[in-house]
Number of protein chains: 2
Amino acid sequence: MVKRYLDLISLERALGILREEFGGATGRTVQVPLGEAAGRITAAPIFARFSVPAIHISAMDGIAVRSAETKGASETRPVTITDAVRVNTGNIVPSEYDAVVMIEDVWIGEGSYTVRKAVTPWQHVRPVGEDIGESEMILPSLHQIRPHELGALAAYGVTGVEVLALSAGIIPTGSELVPIGTRPGPGQAVESNTLMAAAHLRALGVDVRRNAIVPDEPDLIRAAIEEGIRENEILIISAGSSAGTRDYTASIIAERGEVLVHGVGIKPAKPVIIGRIDGKPVIGLPGYPLAALTVLREIITPLVALYGFPVPEAQTVEATLTTTLHSDIGTDEFVLLSVGRIGEDWVAVPQSRGAGVQMSAVRANAVMTIPASREGAEAGDTVQARLMVPRRQAREAVLITGSHDPCIDRLADLVRPGGVEIHPTHVGSMGGLLTLKKGQCHAAPMHLLAPDGEYNTPFLRKYLPDTDLVLVCVAEREQGLISREGASFDDLTTMTYANRQKGSGTRLLLDHLLQERGIQPAAVRGYDREFTTHLAVALAVRSGEADCGMGVYSAAQALGLHFAPVATERYELVMRADALDDPRMAAILDAIRSERFSEILEGMGGYRTAETGGMRVLP
Amino acid sequence: MVKRYLDLISLERALGILREEFGGATGRTVQVPLGEAAGRITAAPIFARFSVPAIHISAMDGIAVRSAETKGASETRPVTITDAVRVNTGNIVPSEYDAVVMIEDVWIGEGSYTVRKAVTPWQHVRPVGEDIGESEMILPSLHQIRPHELGALAAYGVTGVEVLALSAGIIPTGSELVPIGTRPGPGQAVESNTLMAAAHLRALGVDVRRNAIVPDEPDLIRAAIEEGIRENEILIISAGSSAGTRDYTASIIAERGEVLVHGVGIKPAKPVIIGRIDGKPVIGLPGYPLAALTVLREIITPLVALYGFPVPEAQTVEATLTTTLHSDIGTDEFVLLSVGRIGEDWVAVPQSRGAGVQMSAVRANAVMTIPASREGAEAGDTVQARLMVPRRQAREAVLITGSHDPCIDRLADLVRPGGVEIHPTHVGSMGGLLTLKKGQCHAAPMHLLAPDGEYNTPFLRKYLPDTDLVLVCVAEREQGLISREGASFDDLTTMTYANRQKGSGTRLLLDHLLQERGIQPAAVRGYDREFTTHLAVALAVRSGEADCGMGVYSAAQALGLHFAPVATERYELVMRADALDDPRMAAILDAIRSERFSEILEGMGGYRTAETGGMRVLP
């Protein structure tokens, strides 16, 4: 039995250890020219080098006067004076004068000035030091410099600023890794986690030194760690933190310093390491991308904050969870979400929880925690969703849940210039229908074939009998048999088939076709192995795992596979009738009906667009 | 009569014109390497170059098996198999196997594997394309790339991204300007507005080309505009937008293109210009720093958004205004604020409204609008404060309102590492007392001398008779006569005096001393000219405007002036007793009592620290 993560501790305790061990830590300070100081953190208070204004100046375009000489002047009883001087805004007010008359209140004649408004002493004069006095403090230390403050600092004679600096070294390890730009061979993967870590740290204001990939050889890892610790205040080692046969990270940290924590009760990211070498923190990142992201967000971000760097505050919304989630007691589980507002309420749709599914984090706009004390969260629970995008952007999210088709992604692209952000979730046609019934999505794309040959409406009449609905035809879509070298539906029982999940329209279509032909499901090899998207079916066919599967033309075409049309189905976007009042849904409808969308569908192939944009209403 | 801004239009109309004229405008697109793509905006959808995983791989450390052979295996009835292979997470699952048993559920023997848990087909296997399929859309266009998405893009074979780019040229004009690093002579100023504009635009993601300073010579301005329009999509001309004798900006834009707007009903920033040359927007920034900042925030930021760049969303809080503000009908006036939370309520303290007082924007953490339809806002009104800092930071603001002393700035610096952000507002001792009475500051520093020689308590007993108060001595502070070459209080009536404003402790002290000596205020030349800070008094003395004035030692010392002690006063920070429950106030109290603070006071000079940190309570 190989060792597992011994001494698993809670996230709270791990963060306590970080504070205890590194709470007094400081980065470096560097002098930067003023022009590069925006967003940086002052390392010391900044004082004015000179007063502004340095001398009395005019606050207006006008004439500098002795105020006493303007006494009583008015529109109806102007006063003419001879001793005055023309000044523009910012000009010196000569010491013999004590006020400025605005240009619109003066008639300038030959050697005389007719003043139509009296001024009081020092009126329209900016006195010396009005803005700031020499030696006054402009900014305290540990202040994040805002862009407009550069102007003030420059005006007060400051030319450079001493700011906090923090350098993190990042070492990618793993013999299976290939650098970006290389197509990974079988069993290889692109080294992408440290690119993510580098960008994450840079966004917090940290300088990053990223090592080349180090293979799983202890001596090479040792050498990289030695250099990384010498050159940086924080060291991050990517992967090798688990307990596999080639996971050396923890033992090398222990050789050279100490392992403070190995294993934290969080999911994903259990095998994280917190260590220390030469007094500096060393973090071992797990290899799974979403686990690495979790450590960046939950552990490395608070670590950076200990060095005085401000970290962004996550905005939170209370949202209704759409799906029941199970989780382990003793583990804080982080679940990525797509949240959106439906009417006045926020809805949270969980993304796939596989730690290897990086697209979950691309699709997600929020994250929730199932605390260690709970076994999960129930559909309908109110959860705290921490936003991963600005709140305004989350408010614009349109949740489209149901059957997947690549044209929905293209539709999402088409409505982006209007500020609409489509969040598709792939749960199959029937899943979409049930989500729509619960009011937990804005619209559901579906292609449900009823025994009478009618699409969608029979199902909607049955499941949402009293609801005013609108069905918008996205396209009439060809479904066909996808195979490597051409296969006919008649040969189905002689091949291995890649099936779709229960509740998907394509599965229903297969069942319909099998019944028509009197074929038993049990006679179809692979009937029970479920794939959740058209592309997954096509990929299974291309890889040889299956001989054929049913799917749309675009999936076959994308992977260079053969496509034999079997049926044409009505792929419709279904929403409640009042949803059309929402300008975002109206924009989506406009996009579906646009010439550009028909062109895109025709370019993709496998769609008939005669019905595209056509609308049906229920009941 | 010179021309004024003709055709003054509303801000709303000006923004409408921007949308109408430049709504279809596009910047450029550029290809950036993936490592530099975080924060950039996609110019086109991005598709996966290959599937991930490319082949079935193990999701766990364990052994790859034929699932059927593990049937029935359990802890109590393990099953021994011989055909299996050891796999680590991420390793290929060879095609003869269809599942992985986790390493903790296996005993590995010599040529045999004892399995203690049955697995179902494809369990612990990550199927080909589980994360993404080749050709699937990863991101739509006009998406701001988040740091973690770089990891996904790299993993899916993307090495570079086509992103939006927008270039703004900025031309500083003005013969009175000197570059940063030069001490301005009389009537000169450091060219600081374009530094601010550059940082503001860069923070929005815009590339900036900043011209050298162009003097007020039409031919030179013409040449700079010509080059700026050629090289950029947006051109900003700083200053010269007003109607002074040397304001050429509008006429040169009109020569070469057209002036769409000259003058918008906003304050500060009325003389803004919106023009167009060769189809590109040209904005004329007013010269006053806060006016320029207003145009950057209210006009240039929305202009940049038209090009597809996301602009930060201002968070808003509802706050109680502490001071009545008057404004002009027909003008949207923007007032900078210090906001903070007192108990459960937000309070908004207006900053100085002079367009030349750049420190207002340094001190402010929010801004409010007095709409054109209103003549002002009343103290006690609920106003919408748009935050200029993250909400969390604004929540930490401690409003300290009253008498100003430079040691309060140093105290502010001292508490920064604990996350406490002091916002001092200088309204004099009596102003502070009244603000405290209204519950609109956290604490008020004061030094109010009563006729009986007692400091502060007689005033507090009178104005806040039934309130539990705590008075913390910041220091015993020397007040003295500040002069250029040494002056005695006995010679007061032979000199010009720089007085402080009514309600300030120093004014009260002067009045007390005059009365003691039987001198009439009218006998003091300059008694009616008011300065609002110690440093302003010292600056007036140094400039020769006054011969002497009363102030603290640090002000005299900072400007190299003579200081003749006149009195020692108790400078106390007064707060409600329950304020000490607030950890921020407790941190400020700790800082006042720290050795470091006494060292700072002694270093500054003019303070006695024996009483520093001493606490009195009322009633």
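User: In this predicted model, which residues is Ile138(B) in contact with, leaving aside its neighbours within four places in sequence?

Analyst: Ile138(B) is in contact with Val362(A), and in chain B with Ile46(B), Phe47(B), Ala48(B), Ile132(B), Ala152(B), Leu153(B) and Tyr156(B).

User: Where does Ile138(B) lie, and does Ile138(B) count as buried or exposed?

Analyst: Ile138(B) lies in strand E11 of chain B, residues 137–139. The general idea is to count C-beta atoms around the residue, with 20 or more within 10 Å making it buried and 12 or fewer making it exposed. Ile138(B) has 24 such neighbours inside 10 Å and therefore counts as buried.

User: What does the count say for Asp468(B), buried or exposed?

Analyst: Asp468(B) has 12 C-beta neighbours inside 10 Å, so this residue counts as exposed. Asp468(B) is placed in the loop between helix H11 (457–463) and strand E32 (469–483) of chain B. Apart from neighbours within four places in sequence, the contacts of Asp468(B) are Arg576(B) and Ala577(B). Glu421(B) lies 47 residues from Asp468(B) along the chain, with 25 Å between their C-alpha atoms.

User: How many residues does each chain bring to the contact between A and B?

Analyst: Chain A brings 96 residues and chain B brings 96 residues. On the side of chain A that touches chain B, helix H2 (residues 147–155) gives the most, with 8 residues. Sorted by class, that side of chain A has 50 nonpolar, 26 polar and 20 charged residues.

User: How should I read the overall form of chain A?

Analyst: One approach is to set its radius of gyration beside that of a compact globule. For 619 residues such a globule would have a radius near 25 Å, whereas chain A has 34 Å. Along the principal axes, the C-alpha atoms of chain A fill a box of roughly 110 × 70 × 45 Å. Chain A has 16 helices and 38 strands, and 54% of its 619 residues count as buried. Among contacts in chain A with a separation of 6 or more, 75% are between residues 24 or more positions apart.

User: What is the general idea behind a nonpolar core, and which residues touch the most other members of the largest one here?

Analyst: In soluble globular proteins, nonpolar side chains tend to be buried together. Here the largest nonpolar core has 385 residues, and those touching the most other members are Leu337(A), Ala348(A), Leu411(A), Leu337(B), Ala348(B) and Leu411(B). Helix H6 (residues 289–306) of chain A gives the most to this core, with 11 residues. A second, separate core has 21 residues, among them Met60(A), Ala64(A), Tyr97(A) and Ala99(A).

User: Which residues does Leu337(A) touch?

Analyst: Not counting residues up to four places away in sequence, Leu337(A) touches Ala348(A), Val349(A), Pro350(A), Gln351(A), Ala364(A), Ala366(A), Val367(A), Met368(A) and Ala385(A).

User: Now a strand. Why is E32(A) described as largely enclosed by the rest of the structure?

Analyst: Because 15 of the 15 residues of E32(A) are buried.

User: Which residues of helix H15 of chain A are buried, and why are they said to line one face?

Analyst: In H15(A), residues 583–592, the buried residues are Met585(A), Ile588(A), Leu589(A), Ala591(A) and Ile592(A). Seen down the helix axis, they fall within an arc of 160°, so they line one face of H15(A).

User: What do the buried residues of H15(A) pack against?

Analyst: They pack against strands E29 (397–402), E32 (469–483) and E36 (562–576), and against helices H9 (406–415) and H16 (595–604), of chain A.

Notes:
Residues are numbered from 1 along each chain as its sequence is written. Chains are lettered from A and ligands numbered from 1 in the order in which they are written. This is a predicted model: local features need pLDDT of at least 70, side-chain atom pairs count only at pLDDT 80 or more; totals for chains, interfaces and linings use all residues. Helices (H or I, at least four residues) and strands (E, at least two) are DSSP runs, numbered from the N terminus. The arc is that of the directions from the helix axis to the C-beta atoms. Two residues are in contact if their C-beta atoms, placed from the backbone, lie within 7 Å. A nonpolar core is a set of buried Ala, Val, Leu, Ile, Met, Phe, Trp, Tyr and Cys residues joined through C-beta atoms within 7 Å. Ala, Val, Leu, Ile, Met, Phe, Trp, Tyr, Cys and Pro count as nonpolar, Asp, Glu, Lys and Arg as charged, and the others, Gly among them, as polar. The radius of gyration is taken over C-alpha atoms; the globule rule is 2.2 Å times the number of residues to the power 0.38.
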